[in-house]
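Here are a few friendly notes to read alongside the structure. Please keep the sequence and the 3D view open while you go through them.

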Amino acid sequence: MTIIRIRVEMRGMYICLCNAVTDHDIRRAAADGVRSFAELQARTGCSDCCGCCETEARSTLDKAIEQVTLDLPIFVAA
């Protein structure tokens, strides 16, 4: 039997080229508790130079926050 190993490397898409912030960085920040664009800027430096990435960065952060909140367990009081 021959075992073939395939290595898949997921590369992030750069959202902010000025500060090398990727979509993975933004999702990680949301998972770590970032809930506003100002917090994201403070933590990553995203969109604090030319500002060209602001729309995409905001959109990526919004989607990441939505995903994080969907993944949280829901408890119902009895």
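1. Accessible areas here come from the Shrake-Rupley method with a 1.4 Å probe; for residues, only the protein chains shown count as cover. On that basis, the accessible surface of the protein chain comes to about 6200 Å², and carbon and sulfur atoms hold 55% of that surface.

2. A word on the source: this is a predicted model, in which local features need pLDDT of at least 70, side-chain atom pairs count only at pLDDT 80 or more, and totals for chains, interfaces and linings use all residues. Residues are numbered from 1 along each chain as its sequence is written, and side-chain values use heavy atoms, leaving out hydrogens and water.

3. Now the overall plan. The protein chain has three helices and two strands, arranged along the sequence as β-β-α-α-α. Helices (H or I, at least four residues) and strands (E, at least two) are DSSP runs, numbered from the N terminus.

4. How much of the chain is buried? Of its 78 residues, 27% count as buried, where buried means under 20% relative accessible area, exposed means over 50%, and partly exposed lies in between (1.4 Å probe, protein chains only). As for contacts (heavy atoms within 4.5 Å), 48% of those between residues at least 6 apart in sequence join residues at least 24 apart.

5. In soluble globular proteins, nonpolar side chains tend to be buried together.

6. Beyond its neighbours within four places in sequence, A30 is in contact with R35, L61, A64, I65 and V68.

7. R28 is also in α1, but R28 is partly exposed, at 48% relative accessible area. After α1 comes G33, with a positive phi near 115°.

8. Finally, T22 sits in strand β2 (residues 21–22). T22 counts as buried because its relative accessibility is 10%. Leaving out residues up to four places away in sequence, T22 touches G12, M13, Y14 and I15.
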